[in-house]
Amino acid sequence: MDFEKVLLSRKSCREYTDRPVEDDKLYKVVAAASLAPLGLPKNGKPHITIVTDKDMLKALGSQFGPDKDIIYGAPALVIASCPPAPMDGVAQMNAACVVEMMALQATNEGLGNIYLYGVTAALAKNEDLVKQLGIPEGFVPLSALALGYGKEEVSVCKVFEATLSQNRY
Ligand SMILES: Cc1cc2nc3c(=O)[nH]c(=O)nc-3n(C[C@H](O)[C@H](O)[C@H](O)COP(=O)(O)O)c2cc1C
């Protein structure tokens, strides 16, 4: 897809079909994570966890209670976990860069997707699930991307608009 079209087509998807994401597409999305800019990379790169197991997705999605699915029934979830960084906010910003790169690649692949913080905020307090997912000791789940085939097709839905100021002193 043309790059500008990707930018104009990315939007949060909160309704998914049951169609699983093909492995090659999933790996392409995850590969985009490795291209993200990182602050203090020597401190440790983000650890990426791909979840497609239905029981695990259910456990992650129901962390705020059984009546609310905080991953919106997506058939895949990719979690970015980072080691704490010696400067405030760097770990969170690294996770955000990684997830946004994946969001754009997922959009490029025609996959619905959504940046999620809530699921990782809950997961970070859930030692049992963190262990089951094999997230390395000391790494904190900070952000995630849910993805799958959306009920609505990916298409241009935005326009370029910006509120900005230039050279104001
Ligand atoms: C840092 C961050 C955290 C987010 N966390 C959640 C979340 O936990 N749950 C949710 O439904 N949406 C979450 N979102 C998605 C935003 O609600 C969404 O991006 C915003 O409303 C703009 O809509 P758009 O993505 O369609 O442009 C998050 C987005 C960002 C950037």
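**Getting to know this predicted model**

Trainee: What pattern does the protein follow, read along the sequence?

Mentor: Keep in mind that this model is predicted. The protein has six helices and four strands. Going along the sequence, they come in the pattern α-α-β-α-β-α-β-α-α-β.

Trainee: What radius of gyration does the protein have, and what would a compact globule with 169 residues have?

Mentor: Start with the spans of the C-alpha trace along its principal axes, about 50 × 40 × 30 Å. A compact globule with 169 residues would come out near 15 Å, so the protein agrees with that at 16 Å.

Trainee: Among contacts between residues at least 6 apart in sequence, how many join residues at least 24 apart?

Mentor: For some background, buried residues make up 34% of the 169 residues. As for those contacts between residues at least 6 apart, the share joining residues at least 24 apart is 81%.

Trainee: Which strand gives the most to the shell around the ligand?

Mentor: Let's look at who's there: Lys11, Ser12, Ile114, Tyr115, Leu116, Tyr117 and Gly118. By type, that shell splits into four nonpolar, two polar and one charged. The top contributor gives three residues and covers residues 112-116: strand β3.

Trainee: Is Leu35 buried or exposed?

Mentor: Leu35 sits in the loop between α2 (23-33) and β1 (47-51). Its C-alpha atom is 9.5 Å from that of Met102, which is 67 residues away along the chain. For the label, though, we count C-beta neighbours inside 10 Å, and Leu35 has 11. The cut-off is 12 or fewer, so Leu35 counts as exposed.

Notes
Residues numbered from 1 in each chain as written. Predicted model: local features only at pLDDT ≥ 70, side-chain atom pairs only at ≥ 80, totals over all residues. Near = placed C-beta within 6 Å. Helix = DSSP H or I, 4+ residues; strand = E, 2+ residues; numbered from the N terminus. Nonpolar A, V, L, I, M, F, W, Y, C, P; charged D, E, K, R; others polar. Rg over C-alpha atoms; globule rule 2.2 N^0.38 Å. Buried ≥ 20, exposed ≤ 12 C-beta atoms within 10 Å, placed from the backbone. Contact = placed C-beta atoms within 7 Å.
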